Amino acid sequence: MCSNRYRNSLNPEPLNPHMPPNPYIPYPVTIDKITVENDARDLRTFRLVFRNPADRAAFDFRIGQFAELSLLGVGEAPIGIASSPLDEDYIEFTVKRYPTGIVSTALHQSEVGRQMGVRGPLGNGYPVERMAGKNIVIISGGFAVTTLRSTIRYLLHPTVRPTVNDITVVYGARSPGELCYKSEFLEWQERDDIDVHLTVDKSEGDWQGREGFVPSVVSEVAPSAENAICLICGPPIMLKFTIPVLREVGFDPEDTYLSFEMRMKCGIGKCGRCNIGDRYVCVHGPVFSLAETTELPREY
Amino acid sequence: MPTEQVNLNEIARRLLADGTVDVVIGYTTGSQPLVAVPAFVRDPQDADTLVFNRFCEQNLVNYLHRFKAKRVAVVVKGCDERSVIGLIQEKQLDRQKLVLIGAPCAGIVDPRLVPEDATEEETLGDDVMYAGCAACAVRNPRFADYLIGAPVPQPEAPEFSDTTAELEDVESDERWRYFSREMRKCILCFACRNVCPACYCNVCFTESSQPKWMSKTDDESDAMFFHLTRLLHLTGRCTGCGACARACPVNVDLRTYNDRLRKDVKDVFEFEAGLDPEARAPMTCFRDNDKNEFIK
Amino acid sequence: MRTKSLSRDDVQALADALMRRHRVMAPVLQDGVYRFEWLRDDTTLALPPGGIPKVSMKSALLPRTEVLFYYKLGKNTEATAQPPAPAAQVLFGVHPCDVQAIKVLDAVFSAEPYPDAPYLARREVTTVIGLGLPRDRTPQTAFFERLGIGSMDSRDCDLFLADLNNGRFVLEILTDKGEALADAIDSLPDASEDDLARLAELRSDASAHVTADIDIADLKERLSKLFEADMWQEVAERCIACGACSYLCPTCHCFDIQDENHGNVGCRVRNWDTCQFDLFTKHASGHNPRTNQQQRARQRIMHKYEYGYANFGIPFCTGCGRCVLSCPMHSDIRNVLEQIQEQPEP
């Protein structure tokens, strides 16, 4: 139902290629590549290139940040950035399709070459400044792994790898067909500068790897908490059972970081809907330390 | 057998103390003059906080949707009782779990009509009643388990509001102008919908994004779409209780349109919602002798 | 500071004069409701007796629907365009509690790291003419004095129109923006000694009644411990979860963003929204952090009196009382504040 007043004969000015003064106008991008990530085909990675080359430099992001993906005429959706900040020519997002999600549905029906928009980078990101000289432990389940994949790609970059010590990864999915970025993770498993433990809840087909829930695998791997930062991202049930394991192994809540999701619209702390207590997930988050999380009221 | 007449506070206390009901929904005094507020009494000791007077305008039946698992007593005026009948017919309420405390009502005061310097008596005159009350045909509840006062006189009253009749006689562009003017006032706060006992969808059409049935901009076409669709959904179900018109914070004239809807339903289907527990609502059945005049 | 004397007729004439070069939003009376509306040639100004029109001037700064940008669709030809720059506007007759509400909106929408350009563009071209009244005309529902605001407070106004309650008004010109309206004001007589004396008297009386007894810092502390308290059950019980309180509130600013298409052009707009609607926080997955009215009622109170103060140092409430007046179930936020004071230490 379209409101009559908003019929508008448009003057198609091109978008200001530099940081737009109007924070609601997205950078124009084009879909350059689409990868289906899982057997269920409801997870797709979209590689986007900026139509104005200068915008990529302006879109200077940190691991753990997100952006509002914009489809003109449809709407926006807040999605974590899945590519590394050091991937210069493009940015990537992995989007799950929800039947009730108008943007995710329209995205999944899109083809390479479709023009769309990106607004960001938004949010606080993972605490990169705390990672120098530390051991990094990364734990994830399901499709929550997107910003952690960005993190791993970033940490493995030749200019970054020397700045951190050991990197340990535990990543699990319900079944082999649901593992995201599978070929990348299998490659990383072969490297000796990163210790990757892949697991599935239930083995299937020709899966030769581990079978076991993420919390129990973490327990087995028992990463040392000494001089370590832990980044953990997963469905509520996984968090519920993994966090006690981390505590047992000696991880300080100040050194463990989670990333939250919320229904968002503006993404810039104005529209009032994404708060948990007095924290706006879009501005003060989406990354919070476990210590901060215990201070937050239970409304997420 | 005439319905037992009781004292409101005593019956509330009794029903709670002997465990007949879990909660009594009624009215109590609010923080402002000329209005009452809904009260939810669970402790027999709080039964004395309940009141009934000419400021008790809210249709409390609206709250029954939240108490389906409980046994509830609710204070109902004659207009409110019609909502109970309608909801029972729609299988939303279980009569066995309900105790209806009927309140004979000679009309509710519209605080907007009471002058600032009015005396106590002046606040109770007929000239300061809600328009719908002047037209009320059900001043005495008919199906209540108890009555909290003596029945009040039931005068002959025109059934539908004056503006409904007036609008029928004017040209369509005049009618459109009036409708547009009213819709421009609407801020889509949905107080009218939320206060209506007949509006109880888990997900209202206004809240659907897939598909997105309506926009919520300040263009009056959005307000029109909302109100017209709600009216359509209320066909044969609106009892004319007036709660929507009273709830509107910006005085949109909803009564004219709801009354027109009820008049059309009466003319076409010879049906009025919430009066006869045995009658079947027109949108729920087909009768061979349904009028076909609209087919040209 | 320049001051002018006006009669009641002069006030209407002033509004008319301002309309020559500006859009003017002022109180009018429509079907029994006082509303801030854009004045047209045929509109009569109607200052409500209590100074607080039911429909506030919020929409002049945060329109009920605001175009964020226009767009054109097309296979390889998508484009966006900025909305036109807003026209200069005057808010005429803004009660001190509403002026303080504008400060709340200013704080939220100018906050770093993302200042809200559309709001700030509108704010920049807005001149505020405050309205002062003798304090005994304060409506029963208003409680701004308890929040430290007086009915003759001229702070944060560009001009201030004081109603002397005897058919006469004094206009104070306070800022450069106020002086910029000189062509509409210069012809008015300078304020007389009598008028100024009466103003001083009424102002002194108004200040004397500012109790400021709602201790916001204390309220915030208490609320920070009351998230799990039982009191929200009672607060929410009679609430029907409509948007009347939020939409009439001059500080409530939550909004939704939607794309409105017509063929292959359209606009991305923001519309007023409220935390009282179920859809407000519902995820695409169907998960909703707030599924019942207790949680939503709690959110409203927390946002107003705890989070607002925690993040910006000011409460998101200026005691105008519109929520008390407009609630269909006659809930009274002052009762909630009392209940908060009465809660035992957890």
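Where in chain B does P211(B) lie? P211(B) sits in the loop between α6 (191-195) and α7 (220-233) of chain B, helices (H or I, at least four residues) and strands (E, at least two) being DSSP runs numbered from the N terminus.

This is a predicted model, in which local features need pLDDT of at least 70 and side-chain atom pairs count only at pLDDT 80 or more, while totals for chains, interfaces and linings use all residues. Residues are numbered from 1 along each chain as its sequence is written, chains are lettered from A and ligands numbered from 1 in the order in which they are written, and side-chain values use heavy atoms, with hydrogens and water left out.

View 1. The bond from Q210(B) to P211(B) is cis, with omega near 0°. In chain C, the peptide bond from E112(C) to P113(C) is cis, with omega near 5°. P113(C) is in the loop between α3 (96-110) and α4 (117-124) of chain C. N251(B) is not a glycine, yet has a positive phi of about 55°. N251(B) belongs to the loop between α8 and α9 (254-269) of chain B.

**View 2. A salt bridge within chain B.** A salt bridge is a side-chain nitrogen of Lys or Arg within 4 Å of a carboxyl oxygen of Asp or Glu. R246(B) forms one with E57(B), and their closest N and O atoms are 2.7 Å apart. The pair links distant parts of the chain, 189 residues apart: R246(B) is in helix α8 (residues 243-247), and E57(B) is in the loop between β3 (36-41) and β4 (72-76) of chain B. Over all chains the count is 64 salt bridges.

**View 3. The interface of chain A and chain C.** Here 55 residues of chain A are in contact (heavy atoms within 4.5 Å) with 59 residues of chain C. The buried area is about 4,800 Å², with carbon and sulfur atoms giving 55%; this is the accessible area (1.4 Å probe) that the two parts lose on being put together, summed over both. The interface has 5 salt bridges. R268(C) forms a salt bridge with E76(A), with the closest N and O atoms 3.2 Å apart. On the side of chain A that touches chain C, β3 (66-71), β4 (75-80), β6 (115-122) and β14 (279-280) of chain A each supply at least two residues. The largest share, 4 residues, comes from β6(A).
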